[in-house]
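Here is a friendly walk through one model, a few pieces at a time. Take a look at the sequence and structure first, then read on.

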Amino acid sequence: MEKVKIAIESLIGWMGLPGDYVPVVRYAILVVLAFILAWLAGWLCRTFIVPVLLKITSKTDAKWDDIIFSPRVLLSACRIIPAIVIWVLLPLVFFEYPKVEDIVGRLTAIYFTIMAMRTVIVFIDSFKQLETGPRSSKQQYLYSICGVMKILIIFISVIVVVAIIINKNPATLFAGLGAASAILMLAFQDTIKGLVAGIRLTSNDMLHIGDWITVPSAGANGKVEEIALTMVKVRNFDNTVVTLSPQSLVDGSFQNWQGMMENEGRKQVRRVYYDYSSLKSEYSEYSENSENSKVATTNITRFRHDMERWLSQHPKTIDSRPCLVKQAETPQATGCCLEFIFWLKAQDAVTYEHDTSDIMEYIYAAGAEYGLKIFQPTAFPS
């Protein structure tokens with residue numbers, strides 16, 4: 001650098017500038033040269049080193065190198081290189097101006113801290129690339145830990161930047177935070193509760209991304225899109241988005257339909273009330289020991305057995321699951337209640353509702369063939 005300084009002074013003298021202007025012009029040229037070298041170092045990293053590393057990692061079968069050397073991580077790390085170059089050149093450029101060197105050095109240190117923090121955060125976020133399907137419990141646990149690490153890194157970076165500004169040792173500031181731990185616990189209580197709740201959700205295998213959940217108290221009925229440290233995002237089937245806290249899911253209750261979606265079908269239970277006046281006794285042929293005899297029965301009994309056979313043979317029900325039509329309740333003023341229990345093959349909401357409607361509409365109409373009438377109150381309350 002000394003040779004560079006002498007060459008610059010010779011160039012300035014050759015240009016014929018007065019001697020008083022030589023130091024000023026020399027420092028201006030050195031500053032510009034330092035920034036050009038810093039920019040050139042960053043450009044070389046982005047243009048040559050990053051493509052080479054990406055080409056090397058693309059030829060390996062390992063997944064970890066795609067995370068460590070992802071394009072976002074490498075490009076973010078390239079922004080640190082100019083700060084390192086400036087930091088190395090500072091004593092050579094401002095050797096006669098220690099105060100200027102101190103100010104520029106602090107600004108460079110602040111820039112270096114911020115860019116390093118950004119690179120680490122981008123590196124942590126790159127772990128999302130490991131998700132190739134619904135997030136497992138281990139992945140979700142790691143995701144929660146990564147969220148805490150990001151908060152911790154931001155907190156440490158803020159302390160370091162403050163220490164640089166006030167020219168104090170960062171260790172001294174960290175030591176002084178012990179007295180303010182209660183305030184920090186209060187400030188980060190939502191984050192701490194979210195972490196604990198997230199660990200409980202994942203360790204007990206209660207929730208994953210892609211699960212269909214319903215939370216009636218929050219108006220949530222849809223697929224889980226994102227599980228963060230302090231937030232669970234659910235996209236309803238009408239494309240509205242509901243955000244919930246993990247703590248509310250742990251403290252309250254929610255229904256996870258994923259187990260039903262992964263099984264063979266969906267269970268349906270429907271009740272129909274028939275007017276008592278339409279129930280008629282009748283006789284049916286009964287054969288035993290080659291002797292025919294008549295057995296007393298009712299039209300609703302015959303209807304119940306016929307509907308049970310019809311449901312078990314229906315193409316939209318699961319024949320391996322039991323279909324049952326039974327008396328659901330003791331007699332009461334609302335009529336004679338029959339409960340229809342069957343399993344549908346359809347699992348998606350639209351097909352499931354259509355198939356249920358088709359079956360129940362036939363059951364409503366078929367009752368008339370047996371002389372049954374659905375109970376209807378003679379008068380409705382005003």
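Strand 3 and strand 4 (residues 241-244) pair in the antiparallel sense, with four bridges between them. Here, helices (H or I, at least four residues) and strands (E, at least two) are DSSP runs, numbered from the N terminus, and two strands pair if DSSP finds at least two bridges between them. Across this pairing, R235 stands opposite V241 in strand 4. The hairpin of the two has four residues between the strands, and N239 takes a positive phi near 70 degrees there.

On to strand 2 (residues 220-227): five bridges join it to strand 3, again antiparallel. E226 sits opposite K233 in strand 3. Strand 3 itself (residues 232-236) has a covered face with V232, V234 and N236, while K233 and R235 make up the uncovered one.

## What the model is

This is a predicted model, in which local features need pLDDT of at least 70, side-chain atom pairs count only at pLDDT 80 or more, and totals for chains, interfaces and linings use all residues. Residues are numbered from 1 along each chain as its sequence is written, and side-chain values use heavy atoms, with hydrogens and water left out.

## A look at N221

N221 belongs to strand 2.

Leaving aside residues up to four places away in sequence, N221 touches W212, I213, T214, N236 and F237; contact means heavy atoms within 4.5 Å. N221 and T240 are 19 residues apart in sequence, and their C-alpha atoms are 9.6 Å apart in space.

Another three strands form an open sheet in the order 6-10-9, with antiparallel pairing. Its edge strands, strand 6 (266-274) and strand 9 (324-327), each pair on one side only. Strand 9 is joined to strand 10 (residues 336-344) by four bridges, and V325 has F340 as its bridge partner in strand 10.

## Helices 13 and 14

Helix 13 (residues 299-312) and helix 14 (residues 349-366) pack at about 155 degrees, their axes 12 Å apart. Axes are lines fitted to C-alpha atoms, for helices over the stretch in contact, and angles run from 0 to 180 degrees between N-to-C directions. The two helices are therefore roughly antiparallel, the label for angles over 145 degrees. F303, M307, W310 and L311 of helix 13 meet I359, Y362, I363 and A366 of helix 14.

Methods: Parallel < 35°, antiparallel > 145°, perpendicular 65-115°, else oblique. Buried < 20%, exposed > 50% of the residue type's maximum accessible area, 1.4 Å probe, protein only.
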